[in-house]
Amino acid sequence: MRSFIERFMFPYLVYDASYSSLFGKKIPTGFIYTMNVNNEQMKAVGYEQGLSFVEKSMERLFGSFESLFVNDTYQFNDYSKYVVTCFDEKKKAQVRENQFPIDCKKVFNIGVSFVKQTILLLRSIKITSNHFLFLILAILSLIPISLNPHFLCNEILAVFFLIIPKYKL
């Protein structure tokens, strides 16, 4: 994954004293990290510290960055079909039932933050009707997550990676 992210960022990196960006505009970016380990295990292994390089680079190159760590995720619909003895399926199911709706709300709030940041950016430029339509579609894409707590949270950020770069900010 790290090599993919580095290849994603590489074309915009300038090898000058401040490692500035060729991207030429500011857009909100973010990642949702989903992992099987619980929060304590994640911290003990040092995931946050290891990912901070990528997060700081994304912010420097693209303007802003937000992240969400979603821990202790439910990996299989039927754990009996797999050899997974290191996790307690009942505990995973309980975490999913209690925490997943909270995590989806957090992702929704990140999406709202992205839309607000984008609106501020768009106020400073001339918006065509096509740009406005793309913005409305991005906002409407946020609605299902508030209606269905089991909506795939990662989908929301994909909208911003696909739509927002189309703007000439």
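Trainee: Before we start, what does "buried" mean here?
Mentor: A residue is buried when its relative accessible area is under 20%; over 50% is exposed, and in between is partly exposed. Keep in mind that this is a predicted model.

Trainee: What about contacts between residues at least 6 apart in sequence: what share joins residues at least 24 apart?
Mentor: That share is 74%.

Trainee: Let's go inside. How many residues are in the largest nonpolar core?
Mentor: There are 16. The ones with the most contacts inside that core are M9, F31, Y33, M35, M58, F62 and F69. Two or more residues come from each of α1, β1, α3 (47-62) and β2. The top contributor is α3, which gives five residues.

Trainee: Which residues does F62 contact, leaving aside neighbours within four places in sequence?
Mentor: F62 is in contact with F8, M9, Y12, F23, K25, K26, I27 and T29.

Trainee: Now the rings. How many aromatic pairs does a search of the whole structure find?
Mentor: Eleven. One of them is F31 with Y33: the ring centres are 6.0 Å apart and the planes are at 70 degrees, so that pair is edge-to-face. F31 and Y33 are both buried.

Trainee: And why is the pair of Y33 and F69 called stacked?
Mentor: The planes of those two rings are at 20 degrees, with the centres 4.8 Å apart, so the pair counts as stacked. The cut-off for stacked is under 30 degrees. Y33 sits in strand β1 and F69 in strand β2, so the pair ties together parts that are 36 residues apart in sequence.

Trainee: How buried are Y33 and F69, in numbers?
Mentor: Y33 has a relative accessible area of 11%, and F69 has 19%. Each value falls under the 20% cut-off, so Y33 counts as buried and F69 does as well.

Trainee: Which residues do ring pairs link into a cluster?
Mentor: F8, Y12, F23 and F62. F62 also turned up among the residues with the most contacts inside the largest core.

Trainee: Which ring does R7 lie over?
Mentor: R7 lies over the face of F10, 4.7 Å from the ring centre. There's also K92, which lies over the face of F87 at 4.0 Å from the ring centre.

Trainee: Changing topic: backbone. What is the phi of Y19?
Mentor: Near 50 degrees, which is a positive value in a residue other than glycine. Y19 is in the loop between α1 (2-9) and β1 (27-34). D72 is not a glycine either, and its phi is positive at about 55 degrees. You'll find D72 in the loop between β2 (63-70) and α4 (89-123).

Trainee: Are those two buried or partly exposed?
Mentor: Y19 is partly exposed, at 42% relative accessible area, whereas D72 is buried, at 10%.

Trainee: Where does T73 sit, and what does its side chain touch?
Mentor: T73 is placed in the loop between β2 and α4. Its side chain makes a polar contact with the side chain of N36, at 3.2 Å. Leaving aside neighbours within four places in sequence, T73 is in contact with T34, M35, N36, Y79 and K92. At 19% relative accessible area, T73 is buried.

Trainee: And D78?
Mentor: D78 lies in the loop between β2 and α4 and is partly exposed, with a relative accessible area of 29%. The side chain of D78 makes a polar contact with the side chain of S80, at 2.5 Å.

Trainee: How far is D78 from E89 in space?
Mentor: They are 9.0 Å apart, C-alpha to C-alpha, and eleven residues apart in sequence.

Note on methods
Residues numbered from 1 in each chain as written. Predicted model: local features only at pLDDT ≥ 70, side-chain atom pairs only at ≥ 80, totals over all residues. Heavy atoms only, no water. Helix = DSSP H or I, 4+ residues; strand = E, 2+ residues; numbered from the N terminus. Buried < 20%, exposed > 50% of the residue type's maximum accessible area, 1.4 Å probe, protein only. Phe/Tyr/Trp six-rings, centres within 6.5 Å; stacked < 30°, edge-to-face > 60°. Lys NZ or Arg CZ within 6 Å of the ring centre and 35° of its normal. Contact = heavy atoms within 4.5 Å. Polar contact = N/O pair within 3.5 Å; in protein donor to acceptor, adjacent residues only side chain to side chain. Core = buried A, V, L, I, M, F, W, Y, C linked by side-chain atoms within 4.5 Å.
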